[in-house]
Amino acid sequence: MFGRSGSVTQFASDLLGIPAGRWIYGLPGIWFAQMLAFTPIAFLVLIGVVEGVSPSMEEAAQTLRADRLTTFATISLPLMRPGLANAFLLGFIESMADFGNPLVLGGNYDVLSTEIFFAIVGAQNDQGRAAVLALVLLGFTLSAFYAQRRWLGKKSYTTVTGKGDSGVHPYLPKRLTWLVYGTAVPWAILTIVIYVMIIFGGFVETWGRDHSLTLRHYISAFSVSSGEGGLLWTGSAWNSFFTTMIIAGVSAPLTAGIGLVTAYLLVRQRFAGKDSFEFGTMLSFAIPGTVIGVSYVLAFNVPPIELTGTGVILVICFIFRNMPVGVRAGIASMSQLDKSLDEASLTLGATSFTTVRKVILPLLRPAIVAALVYSFVRAITAISAVIFLVSANYDMATSYIIGRVENNDYGLAIAYSSVLILVMLIAISMVQFAVGERRIRRRNQDGGVASPIAESKAA
């Protein structure tokens, strides 16, 4: 879209006389691509925190004659700080460790992740240099983690208690409302255009050159025929497609479960070395995927634990690679839950497991959705670590698509990508339907109840 021969660039050149340039390569392109790629992660972490802000506190501020802007700046925004801090930490670390976007759009602009990659697999073959650069990257990660902890401090951000809360969220200040719409509407339009262009590219002969409509790419990738034994999956992409769905389906719930249990331990339990343990949960997220992939190959390539080339190593990689998002989302949401909810349940004779199942989990539904959606989507779309771990028997969709691109078969690669987009949209809808919404009594500005009460039996 924005390359020198891209549709947007050429449209601007023909209509406005703006010379077609290569601005998309370098720092502007990396920033733009990473902003588009990582904002959904921040959204998944923040949405549950924003929903959990108590409207009674906002009403109390307005009762004391605070205007909308003062109420937002002094009440609403500070109560969102756990979500903002964790979204910042995830975005910063993901950006530092990102490999795909800088590799494609970096041009002559080098970043740590690509330097580490070329030090390992390039002509340099200098593993010592790669290790030093990885330590530098971890130093930045530690600095971001420390800054996040300092910003949060030891303040209480509890907004969800056992008491009924039927307050009304105030409207945003007008200027802030226009800023929100001015950001969200162009974002939505750009997202829709990107999806439409990708889907369109799968139905044409050659994207950007020959736009004759065809189904050839889909037939080549996903053709099905009938034989004596029943249906025959004759398309070239079926093997990697089924493998990807199985690996993602197995790893996603395990990733979400381990991440949320870890978040529960970090927020609700006290033990020696908790800060170090919390930082350790971020390490697999901070290291570039290429380094993770090479490390897994070196660690599990020989007996007694020989996993290279199997599906197990892919599942393990996805669990520990994607778990930090579940941890941060769980910590952000759980910081808003009053500990008296746990204590009331235990006082009434419930076990710890019953308390978690009937009190904590229903109130963590936004975090559960975030962890499941992110882990499933990333298991399908990850490439940097996967490219070292796939084998002939366990080929993933992303490595197959990269192989098609290397053979200049862009039509089939785009068609496959379109199918994956459709699968992920269906999976996200199923996850949201299965988990449901967190039901907390809230009234809208018209005076009606926005959602019913969610009071667990134990509370």
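This is a predicted model: local features need pLDDT of at least 70, side-chain atom pairs count only at pLDDT 80 or more; totals for chains, interfaces and linings use all residues.
Biologist: Thanks! How many charged residues are in the lining of the second largest pocket?

Modeller: That pocket has a volume of about 940 Å³, and 31 residues line it. Helices H5, H8, H11, H12 and H15 each give two or more residues to this lining. By class, the lining has 12 nonpolar and eight polar residues, and its charged residues number 11.

Biologist: Now the rings. Is the pair of Phe2 and Phe32 stacked or edge-to-face?

Modeller: This is one of 16 aromatic pairs. Phe2 sits in the segment before helix H1 and Phe32 in helix H2, 30 residues apart. Their centres are 5.5 Å apart with 85° between the planes. Planes over 60 degrees apart count as edge-to-face, so the pair of Phe2 and Phe32 is edge-to-face.

Biologist: Why does Phe32 count as buried?

Modeller: The cut-off for buried is under 20% relative accessible area. Phe32 counts as buried because its relative accessible area is 17%.

Biologist: Which residue lies over the face of Tyr400?

Modeller: Ring pairs link Tyr400 into a cluster with Phe222, Trp233, Trp238, Phe241, Phe242 and Tyr416. At 5.4 Å from the ring centre of Tyr400, over its face, lies Arg404.

Methods:
Residues are numbered from 1 along each chain as its sequence is written. Side-chain values use heavy atoms; hydrogens and water are left out. Rings of Phe, Tyr and Trp (its six-membered ring) pair if their centres lie within 6.5 Å; planes under 30 degrees apart count as stacked, over 60 as edge-to-face and the rest as tilted. Helices (H or I, at least four residues) and strands (E, at least two) are DSSP runs, numbered from the N terminus. Buried means under 20% relative accessible area, exposed over 50%, partly exposed in between (1.4 Å probe, protein chains only). A charge sits over a ring if NZ of Lys or CZ of Arg is within 6 Å of the ring centre and within 35 degrees of the ring normal. On a 1 Å grid over the protein atoms alone, a cavity is a set of points where a 1.4 Å probe fits but cannot get out, and a pocket is an open set with protein on both sides within 12 Å along at least five of seven lines; lining residues have an atom within 4 Å of a point. Grid points are joined across faces, edges and corners, and a volume is the space filled by probe spheres set on the points. Ala, Val, Leu, Ile, Met, Phe, Trp, Tyr, Cys and Pro count as nonpolar, Asp, Glu, Lys and Arg as charged, and the others, Gly among them, as polar.
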